[in-house]
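Please look through the sequence and the 3D structure below before reading on.

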Amino acid sequence: MLKKIAGLAAFFILITAGCSKDDICSQDTPTTPLLIITFNDINNPTQRKTVPGLTVRATINNQNVVNASSTDSIAIPLPTGADITEYRFIRSTNSEPVSDFYTFTYVREDVYVNRACAFKTTYTNLTAAGDGTADWIFRVEVNNQTIEDETQAHLTFFH
Amino acid sequence: MRHKHTLLFFISLFFVTAFAQSQEEVATDTLSKKTKYGLRIGADISKPLRSLLEDDYTGFEVVADFRLTEKFYAAAEVGNEQKDFFEPNLNATTSGSYAKIGVDLNAHNNWLGLNNAIFGGLRYGFSSFKQELLAYSIYTNNTVFPPSVRIEPREFNGLTAHWVELVLGVKTEVLNNLYLSINVQLKRKLSESELDNFDNIFIPGFNSTNDFSEFGAGYGYSISYLIPLFQK
């Protein structure tokens with residue numbers, strides 16, 4: 001009886017000392033949200049319109065976040081360490097590629113998730129400003145100034 | 001003369017057996033009926049040991065129990081713990097004191113003269129502690145922008161937590177009045193202080209909290225001395 005209980009105690013200590021579900025940040029856990037942008041038709045503003053050969057490049061380090069894909073919606077990251085960021089949106093049709101620069105500003109806030117994922121950043125007061133050339137993006141509309149999740153579009157570009 | 005001797009023999013035989021019998025009765029009485037009652041006081045030796053072996057932990061615990069009836073004991077533990085949580089993306093430290101109070105029920109029928117126990121117990125636990133968030137990083141799936149690490153210490157003072165726990169264990173009298181005891185504890189949180197934009201990573205006495213449930217676990221290995229007060 002005593003031996004059985006001692007064995008049970010040893011087993012219990014082992015399982016409690018081992019690693020738990022808490023140690024790894026699950027991919028399903030919502031962490032820092034991406035900025036969701038949809039592309040609509042300038043002539044028919046309620047209709048989505050696919051951008052041919054869209055490339056999106058972060059100006060700060062020339063890294064592509066979207067690489068030559070034909071799509072009508074994208075999700076791009078915002079920095080967790082700066083209140084302003086600029087992206088270059090490049091459309092490549094058969095002719096010469098055309099590009100527009102857009103600058104996003106926002107207010108960042110760090111929100112605790114759990115011990116495995118630590119914190120995430122959410123963004124409020126989102127604004128988007130073009131470079132004024134309107135080479136292919138003619139108008140921008142902020143649908144949602146607060147970026148807390150990825151359930152709906154935060155921005156719409158009309159082209 | 002002859003009759004007299006026969007009679008004497010039988011009379012003395014009767015008295016000898018009667019005397020022997022009465023002696024035997026006295027002997028069984030003292031051995032079987034009386035057991036020791038008193039205050040048993042000691043310390044959890046696993047906690048100082050962990051303090052030596054683990055860099056991120058220091059703690060101690062004083063344990064005591066008092067025998068109430070044949071099977072029931074009033075029991076209490078008081079302790080202090082500090083635990084660091086130094087993971088790559090989160091650095092925090094918790095420190096504070098706790099007290100647990102409850103009863104133990106000995107389910108073991110001892111042989112004559114032995115004072116061991118296989119016991120189950122219930123405790124109410126209370127902790128008063130503070131927690132410091134030292135540094136953290138922002139979790140993100142993107143690799144375009146450099147990762148952010150914030151070193152902005154924040155201190156959360158005056159935190160409390162309450163819980164109940166189930167204890168299972170054994171106690172053995174290794175020397176006269178000196179006991180070794182090992183136990184395991186299953187805890188269920190009742191309430192805890194809510195933190196502004198953070199969480200209680202560790203609660204002294206309760207141990208590590210869990211993001212997904214209110215349960216916790218622990219163990220103890222204590223050495224204690226019985227101060228015998230009376231026999232019953």
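Helices (H or I, at least four residues) and strands (E, at least two) are DSSP runs, numbered from the N terminus. Residues are numbered from 1 along each chain as its sequence is written, and chains are lettered from A and ligands numbered from 1 in the order in which they are written.

**Around A:Pro97**

A residue is called buried if 20 or more other C-beta atoms, placed from the backbone, lie within 10 Å of its own, exposed if 12 or fewer do, and partly exposed in between. A:Pro97 is partly exposed because 13 other C-beta atoms are within 10 Å. Two residues are in contact if their C-beta atoms, placed from the backbone, lie within 7 Å; leaving aside neighbours within four places in sequence, A:Pro97 is in contact with A:Ile90, A:Arg91 and A:Ser92.

**A sheet in chain A**

Two strands pair if DSSP finds at least two bridges between them. In chain A, an open sheet of five strands has the order β3-β2-β5-β6-β7, with antiparallel pairing. Its edge strands, which each pair on one side only, are β3 (63-71) and β7 (118-130) of chain A. The antiparallel strands β6(A) and β7(A) are joined by eleven bridges, and A:Tyr102 stands opposite A:Gly130 in β7(A).

**Where the chains meet**

In the contact between the chains, 27 residues of chain B touch 31 residues of chain A. On the chain B side, β5 (117-137), β8 (178-192) and β11 (215-231) of chain B each supply at least two residues, and the largest share, three residues, comes from β5(B). The table sorts this side by class, where Ala, Val, Leu, Ile, Met, Phe, Trp, Tyr, Cys and Pro count as nonpolar, Asp, Glu, Lys and Arg as charged, and the others, Gly among them, as polar.

| Class, side of chain B that touches chain A | Count |
|---|---|
| Nonpolar | 16 residues |
| Polar | eight residues |

**Confidence**

The predictor gives the complex an ipTM of 0.79 and a pTM of 0.79. For pLDDT, the predictor's confidence in each residue from 0 to 100, the mean of chain B is 88, and 86% of its residues reach 70 or more. Over residues 16-28 of chain B, however, pLDDT stays under 50, and the model has zero contacts beyond four places in sequence for them. Where pLDDT is low, the predicted coordinates should not be read in detail.

Technical notes: This is a predicted model: local features need pLDDT of at least 70, side-chain atom pairs count only at pLDDT 80 or more; totals for chains, interfaces and linings use all residues.
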